Amino acid sequence: MKAKKEAVLEAGKRLFLEQGILQTSMEQIAEAVPVSKMTLYNYYHSKEGLLDQVVDRLIEEMMTLYRGVMDQAENPLEALTSLYQDQEAFRKIASQKFVTDLAKFPDQMEKLREFNDKHVVPEFEMLIFKGQQLGQIRKDISPQVLVAFLAFIKEFSARTEWYAGLGSLNAISEQLMTILYYGIIQRDGPQEH
């Protein structure tokens, strides 16, 4: 029974990510396992009940990926670079279609926001603070502002339509990292005001 419940959860997760939450029916999930629709409802009671468990699973997967990056990084700057470069791995965990649809499910969206506020943001702020203490990151900008900026960059890079026609995704990513690390003001030579 536990294996079948897990199979339902995995099928629901896969279909929600591939098709979107709104486009996925409980019938499609039941057929994908395969189980009867009644069995599916016995396990999760509703589509929202299944979605709630899918969100929990995605949170676990994101934390595992995040912890892996953090454990392998030798310092905060390397961790930030790896996290930025591994955005594709994070996107595979939660597709844009899934996130867009999730906004229509306030309880589950709130769970994701709460997780972000309680765990992700404080960890990023601490990472930036450590980088500041090691002299890798400027101390004149608060960790909170830097985290807000990183969140904006992440949101920007997730919306491919914003930078369509600007070149390859790798080139754009490299330029965004250059702006993040070095700013836009030329520091060498005379400066005009």
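Is F115 buried or exposed, and what is its relative accessible area? F115 is buried, with a relative accessible area of 13%. This residue of the predicted model is taken up again in the fourth of the views below.

**Figure 1. Overall architecture of the predicted protein chain, which has ten helices and zero strands.** Along the sequence the elements follow the pattern α-α-α-α-α-α-α-α-α-α. The protein chain comprises 193 residues, of which 35% count as buried. Its accessible surface amounts to about 12,200 Å², and 55% of that area belongs to carbon and sulfur atoms. Among contacts between residues at least 6 apart in sequence, 64% join residues at least 24 apart.

**Figure 2. The aromatic pair Y43 and Y44, with K5 over the face of Y44.** A search of the whole structure finds two aromatic pairs. In the pair of Y43 and Y44, the ring centres are 6.4 Å apart and the planes make an angle of 75°. The arrangement is classed as edge-to-face because the angle between the planes is over 60 degrees. Y43 has a relative accessible area of 14% and is therefore buried. Y44 is likewise buried, with a relative accessible area of 6%. K5 lies over the face of Y44, at 5.5 Å from the ring centre.

**Figure 3. The tilted aromatic pair of Y66 and F124.** The ring centres of Y66 and F124 are 5.9 Å apart, and their planes stand at 40°, so the pair is tilted.

Figure 4. Leaving aside residues up to four places away in sequence, F115 touches I59, M63 and V120. F115 and I59 are 56 residues apart in sequence, yet their C-alpha atoms are 7.8 Å apart in space.

**Figure 5. Helix α8, with a bend of about 40° at N116.** At 1.5 Å a residue, the 28 residues of α8 should span 40 Å; the C-alpha atoms at its ends are 39 Å apart, which agrees with that expectation. The buried residues of α8 are Q108, M109, L112, F115, F124, L127, I128, G131 and Q132. An α-helix has 3.6 residues a turn, so residues three or four places apart point the same way. Among the buried positions of α8 are L112 and F115, as well as F124, L127 and I128. The helix is followed by G135, whose phi is positive, near 80°.

**Figure 6. The buried lysine K13 in helix α1 (residues 2-19).** The relative accessibility of K13 is 11%, so this residue counts as buried. Where residues up to four places away in sequence are not counted, K13 touches V54, R57, L58 and E61.

Note on methods
Residues are numbered from 1 along each chain as its sequence is written. This is a predicted model: local features need pLDDT of at least 70, side-chain atom pairs count only at pLDDT 80 or more; totals for chains, interfaces and linings use all residues. Side-chain values use heavy atoms; hydrogens and water are left out. Rings of Phe, Tyr and Trp (its six-membered ring) pair if their centres lie within 6.5 Å; planes under 30 degrees apart count as stacked, over 60 as edge-to-face and the rest as tilted. Buried means under 20% relative accessible area, exposed over 50%, partly exposed in between (1.4 Å probe, protein chains only). A charge sits over a ring if NZ of Lys or CZ of Arg is within 6 Å of the ring centre and within 35 degrees of the ring normal. Helices (H or I, at least four residues) and strands (E, at least two) are DSSP runs, numbered from the N terminus. The expected span of a helix is 1.5 Å times one less than its number of residues. The bend at a residue is the angle between axes fitted to the seven residues ending there and the seven starting there. Contact means heavy atoms within 4.5 Å. Accessible areas come from the Shrake-Rupley method with a 1.4 Å probe; for residues, only the protein chains shown count as cover.
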